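Trainee: I would like to go through this model feature by feature. Please give the general idea each time, then the case at hand.

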Amino acid sequence: MSAHRACQIAALVVSLLFLTSYLIYHYHHGATRFLGTGVVRPVYFTLLISHTILALVIVPLVTISFYRAFRGDFIRHRRIARVTLPLWLYVSITGVIVYLMLYQIYPHG
């Protein structure tokens, strides 16, 4: 149980640090245009849109999950964590894919 708690707190801290750095970067840099063409373009935008929407949805879910665990309300914590975890994983994985597509696979010259 303590290993689970430590891992989840670490995941939350790393996610908050990433979110902070992401927001600061995009505040100063602005948007980056996707340069891919053809069939990859709708694939990219489908991933981006689903990632963005679920990234917004995940914030209250993570907050509620963390709060319930912190308060020791583990029955209700487990109930919401069953939804939170797969969405958090999806947001994390699609974020990496969007990054790779935008900056590595179809980079700006």
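Mentor: Begin with the term helix: helices (H or I, at least four residues) are DSSP runs, numbered from the N terminus. F66, for example, is found in helix α2. This is a predicted model, in which local features need pLDDT of at least 70 and side-chain atom pairs count only at pLDDT 80 or more, while totals for chains, interfaces and linings use all residues. Residues are numbered from 1 along each chain as its sequence is written, and side-chain values use heavy atoms, with hydrogens and water left out.

Trainee: Is F66 buried, partly exposed or exposed?

Mentor: Buried means under 20% relative accessible area, exposed means over 50%, and partly exposed lies in between (1.4 Å probe, protein chains only). F66 has a relative accessible area of 37%, so F66 is partly exposed.

Trainee: Which residues form the nonpolar patch on the surface?

Mentor: A patch is made of residues with over 30% relative accessible area and no salt bridge; like charges are joined within 9 Å, and nonpolar side chains (Val, Leu, Ile, Met, Phe, Trp, Tyr) within 5 Å. Areas come from the Shrake-Rupley method with a 1.4 Å probe, and for residues only the protein chains shown count as cover. Here the nonpolar patch consists of I9, V13, L17, F66 and F70, with about 500 Å² of accessible area together. Both α1 (2–29) and α2 (40–70) supply at least two residues of it, and the largest share, three residues, comes from α1.

Trainee: Where does helix α3 bend?

Mentor: The bend at a residue is the angle between axes fitted to the seven residues ending there and the seven starting there. Helix α3 (residues 74–105) bends by about 35 degrees at A81.

Trainee: What do the buried residues of α3 pack against?

Mentor: Contact means heavy atoms within 4.5 Å. The buried residues of α3 pack against α1 and α2; among them are H77, I80, T84, W88 and T94. From the α2 side, I58 is an example: I58 touches T84, L87 and W88, not counting residues up to four places away in sequence. I58 is buried because its relative accessible area is 8%. The C-alpha atoms of I58 and V83 are separated by 9.5 Å, though the two are 25 residues apart along the chain.

Trainee: What does the side chain of T94 reach?

Mentor: A polar contact is a pair of N or O atoms within 3.5 Å; within protein, one must be able to donate a hydrogen and the other to accept it, and residues adjacent in sequence count only if both atoms are side-chain atoms. The T94 side chain reaches the backbone oxygen of Y90 at 2.8 Å, and a polar contact of 3.0 Å joins the side chains of H51 and T94. T94 has 3% relative accessibility, so T94 counts as buried. H51, in helix α2, counts as buried at 17%. Leaving aside neighbours within four places in sequence, H51 is in contact with Y90, V91, T94 and G95.

Trainee: How many salt bridges does a search of the whole structure find?

Mentor: Side chains of opposite charge can pair when their charged atoms come close. A salt bridge is a side-chain nitrogen of Lys or Arg within 4 Å of a carboxyl oxygen of Asp or Glu. The search finds one, in which the side chains of R76 and D73 meet at 3.1 Å, N to O. R76 counts as partly exposed at 39% relative accessibility, and D73 counts as partly exposed at 25%.
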